[in-house]
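Open the model in your viewer and keep the selection panel at hand. The stops below can be followed in order.

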Amino acid sequence: MTDMAIAVSGLRKGFKDKVVLDGIDLEVPAGTVFSLLGPNGAGKTTTVNVLTTLIQADAGNIRVAGHDVATEAKAVRASIGVTGQFAAVDELLTGQENLQLMVDLTSGADQRTVTDLLERFDLAESAHKPASTYSGGMRRKLDLAMTLVGNPRIIFLDEPTTGLDPRSRRTMWAIIRDLVADGVTVFLTTQYLEEADQLADRIAVLDQGKLVAQGTPEELKRQLPGTHVRLRFSTEAELDEAAAIFPDSTRDDEALALKVPSDGGTRSLRAVLDRLDEYALSAEEFSVHTPDLDDVFLALTGHSTEVVAK
């Protein structure tokens with residue numbers, strides 16, 4: 001049986017008369033990436049704050065690294081690393097000095113830790129420059145490097161690539177993959193659907209304080225109808241004939257294309273091609289389209305992840 005790095009049951013949290021988290025249940029196997037997906041205001045950061053002992057839950061059983069967050073907060077903190085939405089670096093210090101500060105505050109860390117992390121995160125050449133001169137991507141890397149000083153086995157990344165350019169974002173993705181390859185568990189919150197799709201072993205969709213779906217990226221996509229085969233023809237006459245033999249299809253006259261409902265499996269695809277052969281029709285282009293996480297999120301919540309909920 002796989003060990004659970006994080007186990008949450010019945011998590012509730014409110015502020016005054018507003019319920020922010022309403023009965024959250026989730027499990028995160030050790031050595032995996034779990035992504036909590038949702039728009040601003042959905043409760044992602046509140047969830048992270050509860051799991052990392054920064055705030056107390058109103059109700060629920062929550063265990064992180066095998067420890068109860070309510071009664072064993074110190075043990076939880078010793079087992080985790082946290083990187084928030086904004087890089088928590090001292091801009092007056094150099095990159096090396098920021099890391100050295102963390103080493104001085106962390107039991108068991110030594111000078112080799114600083115050198116190793118600077119090299120691992122490709123910051124060695126900038127080690128003696130003030131953090132104020134770093135780009136957004138470099139600050140993020142330094143922030144994550146500081147989180148790793150104590151060698152935590154569970155890392156919480158709260159929207160770690162917000163505000164980064166595409167290149168810096170992909171660099172951060174590569175770093176996260178390397179961490180997981182080393183056996184680290186990553187709890188990732190994000191607004192970026194592509195990020196969750198690229199990194200997560202499992203995804204939970206949080207909307208208005210409730211988990212509305214959980215599963216692997218592929219499982220979530222399969223929940224949504226809309227997979228189809230797209231056939232493009234060279235003439236309108238061919239399109240007309242194909243539309244007649246696929247009565248459930250949707251046609252695009254401008255593109256001379258036909259969307260034929262399908263589950264995307266080989267048997268279904270073969271049936272479409274056999275049907276075309278039966279009527280001596282040949283498509284100029286043939287492709288399979290499946291719903292992406294944008295489609296899933298929109299179907300589950302009624303809005304995109306860019307909606308700001310206040």
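This is a predicted model: local features need pLDDT of at least 70, side-chain atom pairs count only at pLDDT 80 or more; totals for chains, interfaces and linings use all residues.

**Thr190**

Select Thr190 next. Strand β8 covers residues 185-190, and Thr190 lies in that strand. Is Thr190 buried or exposed? Thr190 counts as buried because its relative accessibility is 1%, below the 20% cut-off.

Now show polar contacts. The Thr190 side chain reaches the backbone nitrogen of Tyr192 at 2.9 Å. A polar contact, also of 2.9 Å, joins the side chains of Thr190 and Glu195.

With neighbours within four places in sequence left aside, Thr190 is in contact with residues including Ser35, Leu36, Leu37 and Gly38. Lys44, Glu159 and Ala196 are also among the contacts of Thr190.

**Gly209**

Go to Gly209. Look in the loop between β9 (202-207) and β10 (210-215). What does Gly209 touch, not counting residues up to four places away in sequence? The answer is Val20, Leu21, Asp22, Ile24 and Ala42.

For a sense of scale, draw a C-alpha to C-alpha distance from Gly209 to Ala78. The two are 28 Å apart in space and 131 residues apart in sequence.

Asp22 leads on to the next selection. Show the side chains of Arg12, Asp22 and Lys210: a network of salt bridges links them.

**Charged pairs**

The model has a count of 16 salt bridges. Side chains of opposite charge can pair when their charged atoms come close. Three pairs are worth a stop.

Start with Glu91 and Arg139. Their closest N and O atoms are 3.1 Å apart in a salt bridge. This pair links distant parts of the chain, 48 residues apart. Glu91 sits in the loop between β6 (80-83) and α3 (95-105), while Arg139 is in helix α5 (residues 136-147). Glu91 is partly exposed, at 36% relative accessibility.

Move to helix α8, residues 217-222. Glu218 and Lys221 form a salt bridge there, at 3.4 Å from N to O. Why are they about one helical turn apart? They are 3 residues apart in the helix, and therefore separated by about one turn. Glu218 is partly exposed at 43% relative accessibility, whereas Lys221 is buried at 12%.

Finish the pairs with Glu285 and Arg232. Their salt bridge has its closest N and O atoms 3.1 Å apart. Here too, distant parts of the chain are linked: Glu285 in strand β14 and Arg232 in strand β11 (residues 228-232), 53 residues apart. Glu285 is partly exposed, with a relative accessible area of 40%. Arg232 is also partly exposed, at 22%.

**Surface patch**

Stay on strand β14, residues 285-289, and select Val288, which lies in that strand. Val288 has a relative accessible area of 36%, so it counts as partly exposed. Which kind of surface patch do Leu273, Phe286 and Val288 make? The patch is nonpolar and covers about 220 Å².

Note on methods
Residues are numbered from 1 along each chain as its sequence is written. Side-chain values use heavy atoms; hydrogens and water are left out. Patches are made of residues with over 30% relative accessible area and no salt bridge: like charges are joined within 9 Å, nonpolar side chains (Val, Leu, Ile, Met, Phe, Trp, Tyr) within 5 Å. Accessible areas come from the Shrake-Rupley method with a 1.4 Å probe; for residues, only the protein chains shown count as cover. A salt bridge is a side-chain nitrogen of Lys or Arg within 4 Å of a carboxyl oxygen of Asp or Glu. Helices (H or I, at least four residues) and strands (E, at least two) are DSSP runs, numbered from the N terminus. Buried means under 20% relative accessible area, exposed over 50%, partly exposed in between (1.4 Å probe, protein chains only). A polar contact is a pair of N or O atoms within 3.5 Å; within protein, one must be able to donate a hydrogen and the other to accept it, and residues adjacent in sequence count only if both atoms are side-chain atoms. Contact means heavy atoms within 4.5 Å.
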